[in-house]
Amino acid sequence: MKVLLASPESEVWTSRKHIPLGLGYLAAVLRENGHQVGIFDSAIEDEPLETVVRRGGYELLGISAVTPLIVDAWNMAKEGKRLGMTTLLGGPHLTLMPEESIGPEHLEVDYVIQGEAEQSIIEFVDALEGRRPMETVHGLYWRKNGEMQVNAPAGLIPNLDAIPYPAHDLYKITRYTNLNPLTDGLDTKARAYTIMTSRGCPYKCTYCSKPITGDTWRPRSVANVIGEWRWLVKDLKATEIGLTDDIWNLKLDRAKEICRALVAEGLNTVPWTTVHGMKVNHTDPELFKLMKAAGCRRVGFGVESGDPTILRNVIKKSQSLDMVRNAFKWAKDAGLQTMGFFIYGMPQETAETMEKTTRFALELDPDHAHFMLATPYPGTEMYDVIKQYGNIFANEWADYAIQSDKARFTMPDYDPDLVVHKWKEAYRRFYLYRPKRVWEKVSKKSFWTDLPGTVANAMRFFVPEKVKVVGKAG
Ligand code: B12
Ligand code: SF4
């Protein structure tokens, strides 16, 4: 079958210019099973979908969506139906809310697959071509005689070494800018690929939506990881690599083994970063030294809060402030750039707790700080708590994007205006009010070459908003 796997154009995530790894995995299994497959990533295409579909003669359109992009995905499915294609949706949002897209309001969607789909998509294409009953396709939501049918779930893939490497060769790699200009990218002109060395995470942070990869950590073997890394470096000429695991360093020994193997294989010439962030309590000084030797340039850490009570009881991060301090110190001592992720406005947050977070960011002083507004994704504990005690403002799924600068909910004794104020203030205090930081920014070439972007960000974060602030704001 001729299958086009697609990522919709984002109206909410303008800076995204990185490869859609999940589609690469699906493309690889489809290809391995004899199907003709293409990847259409709207973020970087220079032709309309229609042109690509007609030229390739594609019959099936498989669209991926995270929550903020689901409306874009439905629109793309409408276009697919107009072109006479069968439409299939999958990805994080569809795993959380599969029924929404197969209901009567979305007849543009023919099928939904829930969860990791490397096995189900092959079963599904087999069923479409009449080689097995549709009822036997795992994780499938579909309509039979107008009624919704829900098949048996797919479950997590136990042995990740058994699936092929993502079809990295199908990405139009020169069109991607970098991993993420806001946080992870080292070089905006890089041939930047991503790699996932494990899936899943046993922690249960209350804001984290991990519908796809789940709670069971499943590592790939070191040999399997190194094989893909070698392909990226030697054959595909990667100039930057991003690790996108939920938690690649869960087992310290394995993380060190990967680093040693990168050195032994001479693959440490291409710089890499930890995109999603590392968990601070699974680190030691030796790990960072090995990472540095293995080519790592920058490490990200989920710090989240500077208030121990919010960290322990509200976020349930299972890490202490001292663990965070140690990890930053060890990483800096090893000569790595650091990046911190911080959240503003979790339930129960006050001016005091958010002030502690800002002060903690200033104390840690990472090379890059990424301050985010708390966002209640469906399926998280945070979402359930707010649904029970508060009120979620988001009317549309697009409001769930980090880029929309609005508080997303309110609760008793919680001030959403104050949250936005403290969040923006954190950017100003970290980047604007310190001469060292201002100099770092203006002395970078990108500051001047991307002047419109620079000005837009400055307006967004650095112009103080007029807001009535309740409580003590640091
Ligand atoms: C790395 C990452 C990023 C990086 C991407 C960098 C890069 N170069 O890849 C950055 C920082 C840019 C990023 C941005 C965002 N991210 Co992000 N990200 C991730 C992370 C950690 C890994 C993604 C990945 O590589 N997955 C690997 C592949 C194998 O998984 P997959 O893509 O889900 O694909 C599988 C299935 O979903 C399914 N599938 C996928 N597509 C399709 C399509 C069809 C037709 C079918 C049948 C099946 C199917 O099959 C695939 C193979 O098993 C995930 C967490 C996670 N564990 O997945 C979060 C995650 C996907 N991100 C998330 C979010 C919220 C975002 C943002 C929306 C943030 C925001 N609010 O703006 C943006 C959206 C960007 C965008 N337009 O896609 C959430 C999504 C939650 C949700 N409810 O949708 C996740 C799950 C994190 C979390 N735990 O909360 N992200
Ligand atoms: S935030 Fe990170 S550590 Fe916490 S549950 Fe999600 S993936 Fe795991």
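Let's start with helix H3 and its length. H3 has 13 residues, and at 1.5 Å a residue it should span 18 Å. The end C-alpha atoms are 18 Å apart, so expectation and model agree. Keep in mind that this is a predicted model.

Now, which residues of H3 are buried? They are Ile 70, Asp 72, Ala 73, Trp 74, Met 76, Ala 77 and Gly 80. And what do they pack against? Three strands come up: S1, residues 2–7, S3, residues 60–64, and S4, residues 86–90. Helix H4, residues 92–96, is there too. After H3 comes Gly 84, with a positive phi, near 80°.

Take one residue from that list. Ile 70 sits in H3, which runs over residues 70–82. Why does Ile 70 count as buried? Because 26 other C-beta atoms lie within 10 Å, and the cut-off for buried is 20 or more. Look at its contacts, leaving out neighbours within four places in sequence. Ile 70 touches Ala 65, His 93 and Trp 397. Trp 397 is 327 residues away in sequence. In space, the two C-alpha atoms are 7.0 Å apart.

Let's step back to the whole protein. There are 474 residues, and 44% count as buried. The secondary structure comes to 17 helices and 17 strands. Now take contacts between residues at least 6 apart in sequence. Of these, 74% join residues at least 24 apart.

Next, helix H10, residues 308–315. Its buried residues are Ile 310, Leu 311, Val 314 and Ile 315. Look down the axis of H10: these buried residues fall within an arc of 115°, so they line one face of the helix. Thr 309 and Asn 313, on the other side of H10, are exposed. The buried residues pack against strand S13, residues 296–304, and helix H12, residues 351–364. Lys 316 follows H10, and its phi is positive, near 60°.

For contrast, a loop residue. Leu 186 lies between strand S7, residues 147–150, and strand S8, residues 192–195. Is Leu 186 buried, exposed or partly exposed? Partly exposed, because it has 18 C-beta neighbours inside 10 Å. Beyond four places in sequence, Leu 186 is in contact with Glu 240, Pro 271, Thr 273, Arg 297 and Arg 298. Leu 186 and Trp 272 are 86 residues apart in sequence, with C-alpha atoms 8.6 Å apart.

On to the ligands. Ligand 1 has 48 residues around it, and those that come nearest are His 18, Gly 22, Gly 62, Ser 64 and Gly 90. Helix H1, residues 21–32, along with S3, S4 and H4, each give two or more residues to this shell. Which element gives the most? H1, with five residues. By class, the shell around ligand 1 has 25 nonpolar, 18 polar and five charged residues. Both domain 1, residues 2–150, and domain 2, residues 177–462, supply at least three residues each.

Last, ligand 2. Its shell includes Cys 201, Cys 205 and Cys 208. Tyr 203, Lys 204, Lys 210, Asp 246, Ile 247, Lys 279 and Gly 302 are also around ligand 2. How does this shell divide? Into five nonpolar, one polar and four charged residues.

Definitions and conventions
Residues are numbered from 1 along each chain as its sequence is written. Chains are lettered from A and ligands numbered from 1 in the order in which they are written. This is a predicted model: local features need pLDDT of at least 70, side-chain atom pairs count only at pLDDT 80 or more; totals for chains, interfaces and linings use all residues. A residue is near a molecule or strand if its C-beta atom, placed from the backbone, lies within 6 Å of it. Ala, Val, Leu, Ile, Met, Phe, Trp, Tyr, Cys and Pro count as nonpolar, Asp, Glu, Lys and Arg as charged, and the others, Gly among them, as polar. Helices (H or I, at least four residues) and strands (E, at least two) are DSSP runs, numbered from the N terminus. A residue is buried if 20 or more other C-beta atoms lie within 10 Å of its own, exposed if 12 or fewer, and partly exposed in between; C-beta atoms are placed from the backbone. Two residues are in contact if their C-beta atoms, placed from the backbone, lie within 7 Å. The arc is that of the directions from the helix axis to the C-beta atoms. The expected span of a helix is 1.5 Å times one less than its number of residues. Domain bounds come from an automatic or database domain assignment.
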